[in-house]
Amino acid sequence: MHHRIIATALAAAGLLFTAHAQDMKQPNIVHIVVDDLGWRDVGFNGNTDFATPSIDALAAGGAVFSQFYVQPMCTPTRAALMTGRYPFRYGLQTAVIPSVSAYGLDTNEVLISQTLLDAGYRTAIIGKWHLGHADRAFWPRQRGFEYQYGPLIGELDYFTHEEHGKVDWFRDNEQLREEGYTTTLLGDDAVRYIETHDGSKPFYLYLTFNAPHTPYQAPQEVVDRFAHIEDPTRRIYAAMITVLDENIGRVVDALDRTGLRDNTLILFHSDNGGTSNPLFAGVMADVSQIRIPCDNRPFRDGKGSLFEGGTRVAALANWPGRIQAQPVDAMIHAVDVFTTIAYLAGASTEKSKPLDGLNVWDSIATGAPSPRTSIVYNIEPFRAALREGDWKIIWRNLLPSTVDLYNLAEDPSETNNLAAQHPERVAAMQATLDTLAREAVRPLFLVDQFKVITRNMQGEPLLPGDDGFGVSDQF
């Protein structure tokens with residue numbers, strides 16, 4: 001099985017770009033990633049508590065995905081998007097990079113920003129990074145992004161832009177102190193970037209809002225619009241998503257005003273499912289006394305989990321005249337974004353390590369069946385999950401070990417564990433996971449945390465010279 005995954009990916013990487021239509025104009029790409037959004041927290045997936053008219057308009061005119069998969073948490077998903085490779089291949093498969101940690105995305109990995117830069121694109125990240133902050137070698141400007149604005153980590157106060165008293169707000173490697181609500185500031189900067197684009201080259205704008213991640217904060221005048229929502233945290237959450245929706249609408253309006261809209265692909269999705277377990281609510285929010293407001297129905301669980309609620313996310317793609325307006329049921333994973341964007345840009349991936357991503361453009365544009373027949377949800381020392389066709393296995397190795405097997409076509413909510421009825425299928429899928437696990441890089445988070453525990457036991461500081469935010473002198 002794993003050999004088929006690798007072989008298919010290699011074939012896609014090696015052959016795809018020679019078949020690229022020579023007369024295809026390189027599109028602008030606005031890649032919008034939001035943070036911890038619940039599946040049902042947008043109108044196009046059934047939310048009725050509050051409106052998301054700008055996002056819904058994009059959905060109405062584009063492809064709405066019912067099987068768009070990401071990793072269970074933020075850093076792993078962002079790594080998969082940037083590299084086109086599963087994060088277990090380079091050690092970022094577990095958790096997120098803590099603010100006190102010094103590791104980041106391996107600098108030997110080639111990112112989509114570097115690939116597009118080589119293909120003649122302007123490249124910009126406006127928003128959250130979270131792929132390494134303690135060493136400048138990990139920062140976006142050193143990884144192929146010509147322009148950067150926003151937080152390097154991304155879990156921060158929405159008004160002060162601080163985490164634990166440290167300002168996490170930068171433009172082009174320089175720390176900024178400025179007033180404003182983060183979602184609005186990011187929207188302002190994205191609009192400015194589009195309006196000042198000279199048109200001599202296409203652009204890739206990686207627009208990564210930290211909303212609606214904790215802490216749950218929003219301008220009071222927006223919160224006041226939702227007095228009809230009884231739960232106070234859900235009321236704030238509604239306001240956060242409303243401001244998010246308004247700023248996405250402003251970005252689309254800017255594309256219209258500048259005449260760029262017809263040659264711009266907009267891709268929108270969350271980085272993982274909405275939070276449901278307090279363990280994964282972040283380090284800046286005490287959620288012990290509140291009801292966590294995210295809604296992942298009809299899927300089980302949420303952020304941090306290998307169930308569908310943590311990994312299947314709200315997503316859409318819109319490109320006037322190029323993407324048919326329809327529901328798309330094709331299976332797509334975050335790693336496919338790299339390969340598909342590179343195809344559209346006519347960009348070579350020869351510098352990349354072997355890609356896991358497949359070209360899913362036909363599925364996006366026309367709803368054609370996906371070339372993807374399997375998904376590796378994750379490979380960790382203590383758990384792993386795999387989908388082959390409609391069958392999904394979740395294998396937890398901590399004693400007592402457990403195995404779940406679900407038929408997602410019949411049971412997308414994962415309520416009926418069929419492992420006992422299908423022992424042969426379980427054994428075959430476990431064998432695939434075991435083989436992949438032998439190829440995996442040890443999770444850098446676990447290595448890092450072991451060092452932290454050891455230093456604490458010895459009475460040493462978290463990091464030599466640590467000031468609470470890693471080793472960068474910017475913090």
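Predicted model: local features only at pLDDT ≥ 70, side-chain atom pairs only at ≥ 80, totals over all residues.
Rings of Phe, Tyr and Trp, the last represented by its six-membered ring, are taken to pair if their centres lie within 6.5 Å.

View 1. Trp-129, Phe-145, Tyr-204 and Tyr-206 together make up one aromatic cluster. By the pairing rule, the count for the structure comes to 18 aromatic pairs.

**View 2. Edge-to-face pair of Trp-39 and Phe-299.** The ring centres of Trp-39 and Phe-299 are 4.9 Å apart; because their planes stand at 85 degrees, the pair is edge-to-face. The two residues are 260 residues apart, and their pairing links distant parts of the chain. Trp-39 belongs to the loop between strand S1 (28-34) and helix H2 (53-60), whereas Phe-299 belongs to the loop between strand S11 (264-270) and helix H8 (308-311). Trp-39 and Phe-299 are both buried.

**View 3. Tilted pair of Phe-159 and Tyr-181.** With planes at 45 degrees and ring centres 5.2 Å apart, Phe-159 and Tyr-181 form a pair that is tilted. Phe-159 is located in the loop between strand S5 (147-150) and strand S6 (162-163), and Tyr-181 in the loop between strand S9 (174-175) and helix H5 (182-195), so the pair ties together parts that are 22 residues apart in sequence. Phe-159 counts as partly exposed, at 38% relative accessibility, whereas Tyr-181 counts as buried, at 6%.

**View 4. Arginine residues over aromatic rings.** Arg-300 is placed over the face of Phe-307, at 3.9 Å from the ring centre. Arg-322 lies over the face of Trp-319, at 4.6 Å from the ring centre.

Methods: Residues numbered from 1 in each chain as written. Heavy atoms only, no water. Phe/Tyr/Trp six-rings, centres within 6.5 Å; stacked < 30°, edge-to-face > 60°. Helix = DSSP H or I, 4+ residues; strand = E, 2+ residues; numbered from the N terminus. Buried < 20%, exposed > 50% of the residue type's maximum accessible area, 1.4 Å probe, protein only. Lys NZ or Arg CZ within 6 Å of the ring centre and 35° of its normal.
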